[in-house]
Amino acid sequence: MRDVAKTAGVSHQTVSRVINDSASVKEATRMRVQEAIRVLGFRPNVAARALAFGDTRSLTVITSNTTLYGYAATVQGIEEAARAADFSVGISVLESERHERVQAAVARAVENSTALIVIAYDQAGVRALDAVPAGHPCAAAVEAPESSVDSVPPRVWIDDAEAAAEATRYLLGLGHQTVHYVALPSTTNASRRTAGWRSALESAGAPVPMPVGAGWDARAGYEAGLRLAKDPEVTAVLCGNDDLALGVLRAMHTSGRPVPDSVSVVGFDDAPQSAFYIPALTTVELDFVDLGRSCFTLLQSVLAGTPASDAHGHPQVTPPRLIVRESADTPRPQALGS
């Protein structure tokens, strides 16, 4: 507003009166202010105005997917925490990762809400986070970054590198010579989940195969599993999420590679249905609901104007843990080609 006032040659109080349609402003002055607003691209910030009067009680969650478990569970945690704090919650789903579509979705959310939470587990979410105007109340749930650096808007994550390493070491400990990896698309140059898997193999002196897969769902896992099933040397597979693992399980069954007798399969996330796969899936539990709650807590600190120095590698997020079930076992001699 002060930039607009300087450009128009008026006080910032006059700019405020123009924005709020006060009748006490001369028409010539109003037109001069409106022209300055147009030239500078100024847009009234609904969230900032609500914050100034201390009445921020609603938020919009921007996410690209509400069907996959990690996204849906994060939204659940946000909604539960927001409801307990008497906040209303809206959902804005990004239907495309195209720059102009993401920009438009964020612009609508900024205009219609008083605060934002962005779930940025993929490229569409990252682009949405980048499009949030500076100073707009916002927090984000993101893929674990390579290093814990201060970020604006502030964000929370689950550091799953050690969890991936633990799952890999578990499979190596069963006697597998190496572990193949069906990867998720990553928003960073080096996914922490992939880095943990690779680090565990390198530390054990085991071969490091090329990761396969480039999707999120069971179909992507099935296609990756069909490729892996053709190689008799493949005896252990770590999957980037449980949906991928479900596809791999089906592919191995289709290819005559029974799990875990011929191939061991481990998932990631511990989605509710993973305990009911056949065989029941050994997987890494990630508490996305707790992550969602922590993200809302971070947003509250933003709205209150208080530092959130503990937000990076958030200590209140439940750490991952390996859930051992039925889908991984000691490699059988026939699986090793002996």
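Asp269 is buried, with a relative accessible area of 7%; buried means under 20%, exposed over 50% and partly exposed in between, using a 1.4 Å probe and protein chains only. Arg193 is buried too, at 8% relative accessibility. The model is predicted, so local features need pLDDT of at least 70 and side-chain atom pairs pLDDT 80 or more, while totals for chains, interfaces and linings use all residues. Residues are numbered from 1 along each chain as its sequence is written, and side-chain values use heavy atoms, without hydrogens and water.

Asp269 and Arg193 form a salt bridge at 3.7 Å, N to O (a side-chain nitrogen of Lys or Arg within 4 Å of a carboxyl oxygen of Asp or Glu). This pair links distant parts of the chain, 76 residues apart: Asp269 lies in strand β8 (residues 264–269) and Arg193 in helix α9 (residues 192–204). Helices (H or I, at least four residues) and strands (E, at least two) are DSSP runs, numbered from the N terminus.

## Other salt bridges

The whole structure holds 15 salt bridges. One of them joins Glu27 to Arg30, at 3.8 Å; these two sit 3 residues apart in helix α3 (residues 27–40), about one helical turn. Another pairs Arg101 with Glu95 at 3.9 Å, where Arg101 is partly exposed at 40% and Glu95 is exposed at 70%.

Cys138 is buried at 2%, and Cys295 is buried at 0%.
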